Amino acid sequence: MIRFLIVFLLLPMVSIFLHGQNIDFSKKSLALDKPLTTIAFGSCNNQKKDQGYWANIADENPDLWIWSGDIVYADTEDMRVKADEYQKLKVNPDYQKFLGQVPVIGIYDDHDYGVNDACKTYPKRAQSRDLLLDFLDVPAEQPVRTREGAYQSYTIGPDSQRVKIILLDTRYFRDELEKNPAKGGQRFLQNKQGDVLGYDQWKWLERELKDSDAGVHIIVTSIQLIPKEHYFEKWSNFPAARHKFFRMLSKIKPTCPILISGDRHIAEISMVELPDMDFPLYEVTSSGLTHARTEKKEEPNQFRVGDLMPKLNYGVLRIDWSTEIPSVTAEIKGIESDLLQECQLD
Ligand SMILES: [Fe+2]
């Protein structure tokens, strides 16, 4: 009887302890105590197009999938329509199967957050954020549920094999951009003092980086951060914010920082050497899953490493924990899992 009572009393404690080691998304838990070795990611997914590619990504056996924005195309201020578009993807049998195999986290970009190139002025931003978190089955106890915006962080892995994933919200607090009236130039005029993240998110980011003992830091930004020359939206439209981001990294010096971005309907890898940093800063851009540029139009990018890839694609990061400083390899894969580019990020 006493033995029965002890088991009866201990069981809930054991389950609370185990629960603390996982984040329970609806179909697949994310184990926080297991090292990540394979992380897949991608963006720009039209929910009305064929989703058959999920099986190819599942065959990579990723420990985690990260959405880097434009999860669905739902440009509207009608939240019922937006919810319906998310739901189309959520119930798709190919995506459903994937959700049962791989834990999924992520952040929106413009077409899922609001409308094309949307920013803080999008009138339904609070409702839109809730739709994203509901779509991702982010549990109620996650800190993101108690603040404005959709920025999140996840720290995964045991002591010496820890990865911190920081998902930046580049929409909810982003200042406005003015269209460039001149033909042949960039789409937008620079907003020289304009901001991308907003005060609270900057403070949060600084703390997340300062307080981290992770061996790898993956920072997800839906729009590209390093490339400067192309026509479309990018951090470089906000030069003060881009500079502030670089200064913050140079000051805090996080171990092995890697940027992931999407949005562009091409894939490319960029790299910049920042002052005082022990590591070069790489940005792996992967876009899109269902639609991408098809012709190879030249596009200058002084920071590009390797080729511009105008093809349907997803990205994979492979982490080798056997060395003292982890070594990370980035792969850009075609949607049929063909290797388009491989790059060691060190
Ligand atoms: Fe986008």
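Q: Which residues of helix H6 are buried?
A: In H6 (residues 125-135) they are Arg 125, Ser 128, Arg 129, Leu 131, Leu 132 and Phe 135. This is a predicted model, where local features need pLDDT of at least 70, side-chain atom pairs count only at pLDDT 80 or more, and totals for chains, interfaces and linings use all residues. Residues are numbered from 1 along each chain as its sequence is written.

Q: What counts as buried or exposed, and what is a helix here?
A: Buried is 20 or more other C-beta atoms within 10 Å of the residue's own, exposed is 12 or fewer, and partly exposed is in between, with C-beta atoms placed from the backbone. Helices (H or I, at least four residues) and strands (E, at least two) are DSSP runs, numbered from the N terminus.

Q: What does the buried set pack against?
A: Helix H3 (79-90) and helix H5 (110-113). Contact here is C-beta atoms, placed from the backbone, within 7 Å.

Q: How about Cys 256, buried or exposed?
A: Cys 256 is buried, with 21 other C-beta atoms within 10 Å. Its phi is positive too, about 45 degrees, and Cys 256 lies in the loop between helix H8 (239-252) and strand E9 (257-261).

Q: Switching to the sheet: what's the strand order?
A: E5-E4-E3-E13-E14-E15, an open sheet of six strands with mixed pairing. Strands E5 (104-107) and E15 (339-344) stand at the edges with a single partner strand each, so one side of each has no neighbour in the sheet. Pairing takes at least two DSSP bridges between two strands.

Q: What stands opposite Phe 41?
A: Ile 66 in E4. Strands E3 (residues 38-42) and E4 (residues 64-68) run parallel, joined by four bridges.

Q: What else is Ile 66 in contact with?
A: Leaving aside neighbours within four places in sequence, its contacts include Ile 39, Ile 105, Val 220 and Ile 260.

Definitions and conventions. Contact = placed C-beta atoms within 7 Å.
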